[in-house]
Amino acid sequence: MYKRLNICTALDYVKEHIKFLEKEDLICEEISDGNLNQVFRIKSKEDKHKSVILKQSLPTLRIDETMKLCLERIDIENKYLRDQGNLVPKFLPKVYHYDGNMYLIIMEDFNEHIILRKELISGKKYEHLGKGIGEFLAKTTFCNSDLYLDPLKKKEKVKMYINPELCRITEELVFVNPYYNCPKNKINPWLEPVVQELINDKRLQSEVSELREEFMTKAQSLIHGDLHTGSILINDMELKIIDGEFAFYGPIGFDIGAFWANIILSYESQNYHRSNLEERREMEGYLLNVIRDMWNVFQREFINLWERYVSCPIMMNNIYMEKYILSIMQSSIGYAACKIIRRIYGLAPVIDITLIEEKEREDVQKKSINLARKLIMKRKELKHIDEFIDLIEERN
């Protein structure tokens with residue numbers, strides 16, 4: 001039976017269920033940082049390498065308790081971590097224990113890693129970031145798609161990952177709420193005219209509706225569903241992907257776009273986090289290279305896998321492959337733009353923006369919205385990653 005844990009009961013639960021900690025003198029701290037769950041770190045007092053993370057579903061959204069959530073979503077995360085961990089174990093935490101009655105997971109603790117978002121705000125650069133995300137996304141999306149899986153196996157997995165409640169959150173927050181006068185929007189006074197322009201722009205809404213329909217109907221591959229810089233842990237050697245409860249079978253471009261959106265928001269905010277012009281330009285250049293590296297590695301790995309594993313006779317040709325990959329890039333750009341808009345005045349804005357002083361925040365918010373609007377409308381014209389990056393640079 002479900003019971004919400006606290007610091008004391010979480011510690012007792014871990015002691016009972018995790019063998020390598022049962023004889024340790026343990027301490028527990030709550031480290032919850034998101035909106036959907038409570039998270040505890042339980043560790044040995046004597047040995048810092050002996051620790052675990054306990055994550056438990058909550059029945060409501062932290063930032064909006066009127067939004068009820070199914071506790072069973074933790075089962076999706078458990079399956080996602082195990083499935084993707086079999087494909088790319090170096091990118092994901094090991095699952096030590098899953099409890100479907102208490103709706104919790106106990107997993108590997110990366111206590112020597114830092115949340116990527118915080119690192120980018122502080123100006124830290126990791127040369128392996130873009131390449132690592134590109135590799136992770138290429139391998140996981142290809143190997144969970146019809147390009148690799150037997151059709152029956154693929155359809156079984158689509159069924160296994162049906163995730164209606166969390167998909168509904170995305171559908172509303174990303175594709176619907178920002179484009180009408182939704183009471184849940186958090187609009188600063190200076191943004192009112194810009195937001196009203198978006199709300200009155202029927203051509204823009206038509207393009208967003210197209211992206212929304214693709215998100216809702218295109219079961220292209222198993223995707224993370226919430227891949228932002230707060231769900232990536234990193235250090236100088238490696239990166240790890242966490243928080244897979246939004247996983248479902250959707251368009252490959254959605255994960256790529258979510259990652260790009262957060263890199264772009266970091267890029268747009270650098271002017272206000274870096275006072276030194278040379279440091280700012282260096283960081284901005286690095287962030288654009290992260291986008292470029294991520295796509296180039298993704299494309300290279302995806303093509304290698306295609307040439308090695310695609311066996312359907314009518315799909316074994318370069319014309320179709322190039323069209324398929326271009327479609328991923330263009331939809332990724334559209335999803336990135338929708339994610340940018342959602343993070344500017346929807347629920348759960350990012351600290352890249354909210355940490356900026358109010359009088360300066362107006363400029364970065366307007367620039368970000370205008371860029372996103374242009375990306376949505378022009379995405380189908382873009383044929384190369386450098387054309388996408390050129391549009392981002394135009395805004396500075």
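I will take the sheets first, then the helices, then the pockets.

Some ground rules. This is a predicted model, so to speak of local features I need pLDDT of at least 70, side-chain atom pairs count only at pLDDT 80 or more, and totals for chains, interfaces and linings use all residues. Residues are numbered from 1 along each chain as its sequence is written, and side-chain values use heavy atoms, with hydrogens and water left out.

For naming, helices (H or I, at least four residues) and strands (E, at least two) are DSSP runs, numbered from the N terminus. Two strands pair if DSSP finds at least two bridges between them.

Start with the sheet of 5 strands. It is open, its order is β1-β2-β3-β7-β6, and the pairing is antiparallel. β1 (26–30) and β6 (95–99) are the edge strands; each has a single partner, so one side of each has no neighbour in the sheet. Direction ignored, neighbouring strands here are turned by 20° against each other on average. For angles in general, axes are lines fitted to C-alpha atoms, for helices over the stretch in contact, and angles run from 0 to 180 degrees between N-to-C directions.

Now strand by strand. β1 and β2 run antiparallel and are joined by 5 bridges, with Leu 26 bridged to Ser 44 in β2. The hairpin from β1 to β2 goes through 6 residues. β3 and β7 are also antiparallel, over 5 bridges, and Val 52 stands opposite Glu 108 in β7. β6 and β7 pair in the antiparallel sense over 4 bridges; there Asp 99 is opposite Leu 104 in β7. The hairpin of β6 and β7 has 4 residues between the strands, and in it Tyr 103 takes a positive phi near 55°.

What packs on this sheet? Helix α1 (residues 7–17) does, touching β1, β2, β3, β6 and β7, and its direction makes about 130° with that of β1. Helix α2 (residues 73–87) packs on the sheet as well, touching β2, β3, β6 and β7, at about 155° to the direction of β6. Contact here means heavy atoms within 4.5 Å.

Next, the sheet of 3 strands. It is open too, in the order β8-β10-β11, with antiparallel pairing. β8 and β11 (239–241) are at the edges with a single partner strand each, so one side of each is left without a neighbour in the sheet. Strand β10 (residues 232–234) pairs with β11 over 3 bridges, and Leu 233 stands opposite Lys 240 in β11. Helix α4 (residues 129–143) packs on this sheet, touching β10 and β11, and its direction makes about 40° with that of β11.

There is also a pairing of strand β4 (residues 60–61) with strand β5 (residues 64–68), antiparallel, over 2 bridges. Thr 60 has Lys 68 as its bridge partner in β5, and the hairpin joining β4 to β5 has 2 residues.

Now the helix pair. The axes of helix α9 (residues 252–273) and helix α14 (residues 385–394) come within 11 Å and cross at roughly 35°. From α9, Trp 260, Ile 264 and Tyr 267 meet Ile 385, Phe 388, Ile 392 and Glu 393 in α14. By class, that contact has 6 nonpolar, no polar and 1 charged residues. The classes are: Ala, Val, Leu, Ile, Met, Phe, Trp, Tyr, Cys and Pro nonpolar; Asp, Glu, Lys and Arg charged; the others, Gly among them, polar.

Last, the pockets. On a 1 Å grid over the protein atoms alone, a cavity is a set of points where a 1.4 Å probe fits but cannot get out, and a pocket is an open set with protein on both sides within 12 Å along at least five of seven lines; lining residues have an atom within 4 Å of a point. Grid points are joined across faces, edges and corners, and a volume is the space filled by probe spheres set on the points.

How large is the volume of the largest pocket? About 1200 Å³. It is lined by 45 residues, of which Asp 33, Gly 34, His 228, Gly 230 and Asp 243 are the closest to its centre. The largest share of that lining, 4 residues, comes from α6. By class, the lining divides into 21 nonpolar, 10 polar and 14 charged.

The second largest pocket holds about 200 Å³ of space. Among its 14 lining residues, the closest to the centre are Asn 163, Cys 167, Met 216, Phe 248 and Tyr 249. At least two lining residues each come from α6, α8 (202–217) and β12 (248–250). This lining divides into 10 nonpolar, 2 polar and 2 charged residues.
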